Amino acid sequence: MSSVAWLLSAGFGVLMLLGVPFAFAIGIVVAISLLVAGIEPLLMPQSILAGTQSFSLLAIPFFMLAGELMSAGGLSARLIKVADVFVRHLTGGLGHVTVLAAAIFAAISGSAPATTAAIGAIMIPAMAERGYGKGFATALAVSAGVLAPLIPPSIAFVIWGVIAEQSISRLFSAGILPGLVMALGLMLVCWVHAKRNKIPTQKRASLREIGQALREGVWALLAPVIVLGGIYGGVFTPTEAAVVSCVYALFVGMVIEKQLTFASLSPIIWRSLKITAIVMSIVIFSAGFGILIAQEQLAPKLAAWLSQNIQEKWLMLLVLNIAFFLLAAVMDEIAIMVVLGPLLIAIAKSFAIDPIHFGAIIVTNVAIGMAAPPIGYCLFVGMAISGLKLGEVASKIWPFIAIMFVVLMLVTYVPEFSLAFQAR
């Protein structure tokens, strides 16, 4: 292995152990590696600038902002009320409400942390009061939140589409069925938990209550129809859809719900900017990482070595899934996609894996990583809402993680599962 390869791997690992933020660790390692490789140092600022020059990446800040606006503007509360009147009478009803509301909110915001925060803030206390236990309620809110990377529009698919240079709309389609099946799996866990703990069911909603909830929630329900209908109807691109989401959420929050004011916009924008800055800093610093990987021919070399030593595609996919899960335990999921993107793409090409199918595998892994202990991003959002410690949530989240792994295996080994909604 070359000195540059050692620096990129070992140097990055050491900085991670020292607690250096992901983006800065990548930037430091890339800068030193450029000097060692004898490459012009000015390539670093040039690569950073180049890393931002993608129209598709504009979707990230706008979807982040849309999620914050919808949460503060009352749309998440309306979605929860609509879900409540339809499934609250079932065994595990309040858990089902959490999953359904999160799935609909995910179809508007595209952000897992935003979905976890918006739905969890309301549903975690409500479920705890109804006997579900705060640990279980938090684990469910976290697991429901990570439907967002799969259910379009998805920020994770946007990032992977930019990295792999694939159609973002086609990638969105690849997440529909896995996302819906994962939602049903989470509801099954809720049903088992409620049955086992004898949690009482609620009274079935009357037709009048259902009608009232639908009337009050019509603006919230229209949001995913407008966003997804516009994308698949060819009215606007996924990036333009993110802007439409923001405008729509702002209009509904200020004019219809009247819960947003000009004074309240400042902290909302600031929160979305902070999350966007974290994601984008990883993306832009990783542009130099990708250049070095290409310079040293690391991606084709690794792909060739793997194809020589692992002959079977199914075994290679299993190795990749296990490696991704282990990395996600100690590393940010977006960073894994960006940093290892060239390597992953080279491996997929060497085994002739459909690029859209492969994108679905990667993003399903990302969804699991956002919920998995010890550093899943959404896990910490849920802990902040409930006030619980990591161990208290982690002990309850494993049944949900198991369901996610079942979905991952379906996505991995049944290509039609993720390609079902692709245009023929």
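Author: We can start with the aromatic rings. Ring pairs link Tyr-132, Phe-136 and Phe-400 into a cluster. Keep in mind that this is a predicted model.

Reader: How is a pair of rings described?

Author: A pair of aromatic rings is described by the distance of the centres and the angle of the planes. A search of the whole structure finds six such pairs. In one of them, Tyr-132 and Phe-136 are stacked, with 6.4 Å from centre to centre and 20° between the planes. Planes under 30 degrees apart count as stacked.

Reader: Are Tyr-132 and Phe-136 buried or exposed?

Author: Tyr-132 is buried, and Phe-136 is buried as well. Another pair, Phe-325 with Phe-405, is edge-to-face: the centres are 5.1 Å apart and the planes make an angle of 65°.

Reader: What does the pair of Phe-325 and Phe-405 tie together?

Author: Phe-325 lies in helix 16 (residues 313-328) and Phe-405 in helix 20 (residues 390-413), so the pair ties together parts that are 80 residues apart in sequence. As for cover, Phe-325 is partly exposed at a relative accessible area of 24%, and Phe-405 is partly exposed at 26%.

Reader: Now the whole chain. How many helices and strands are there?

Author: The protein chain has 21 helices and zero strands. Of its 424 residues, 54% are buried. The chain exposes about 17,800 Å², and carbon and sulfur atoms supply 69% of that area.

Reader: What can contacts tell me about the chain?

Author: Look at how far apart in sequence the partners are. Among contacts with a separation of 6 or more, 79% are between residues 24 or more positions apart.

Reader: Which residues does Pro-149 contact, beyond its neighbours in sequence?

Author: Leaving aside neighbours within four places in sequence, Pro-149 is in contact with Ala-112, Ser-154, Ala-156, Phe-157, Val-363, Ala-367 and Met-370. Pro-149 sits in the loop between helix 8 and helix 9. It is buried, with a relative accessible area of 3%.

Reader: Which residues lie nearest the centre of the largest cavity?

Author: Of the 18 residues that line the largest cavity, Met-64, Pro-113, Ile-155, Ile-334 and Met-370 lie nearest its centre. The elements that give two or more residues to this lining are helix 7 (112-129), helix 9 (155-164), helix 14 (262-295) and helix 17 (333-350). Helix 9 gives the most, with three residues. Sorted by class, the lining has 13 nonpolar, three polar and two charged residues.

Reader: What lines the second largest cavity?

Author: Its lining consists of Arg-88, Leu-90, Gly-92, Gly-93, Leu-94, Arg-130, Tyr-132, Ile-199, Pro-200, Thr-201 and Gln-202. Tyr-132 also belongs to the ring cluster with Phe-136 and Phe-400.

Reader: Where is Lys-198, and what is its phi?

Author: Lys-198 has a positive phi of about 55°, although it is not a glycine. Its place is the loop between helix 11 (176-196) and helix 12 (207-232). With 71% relative accessibility, Lys-198 counts as exposed. Ala-352 is also a residue other than glycine with a positive phi, near 55°. Ala-352 is in the loop between helix 17 and helix 18 (355-371), and at 63% relative accessibility it counts as exposed.

Methods. Residues are numbered from 1 along each chain as its sequence is written. This is a predicted model: local features need pLDDT of at least 70, side-chain atom pairs count only at pLDDT 80 or more; totals for chains, interfaces and linings use all residues. Side-chain values use heavy atoms; hydrogens and water are left out. Helices (H or I, at least four residues) and strands (E, at least two) are DSSP runs, numbered from the N terminus. Buried means under 20% relative accessible area, exposed over 50%, partly exposed in between (1.4 Å probe, protein chains only). Contact means heavy atoms within 4.5 Å. Accessible areas come from the Shrake-Rupley method with a 1.4 Å probe; for residues, only the protein chains shown count as cover. Rings of Phe, Tyr and Trp (its six-membered ring) pair if their centres lie within 6.5 Å; planes under 30 degrees apart count as stacked, over 60 as edge-to-face and the rest as tilted. On a 1 Å grid over the protein atoms alone, a cavity is a set of points where a 1.4 Å probe fits but cannot get out, and a pocket is an open set with protein on both sides within 12 Å along at least five of seven lines; lining residues have an atom within 4 Å of a point. Ala, Val, Leu, Ile, Met, Phe, Trp, Tyr, Cys and Pro count as nonpolar, Asp, Glu, Lys and Arg as charged, and the others, Gly among them, as polar.
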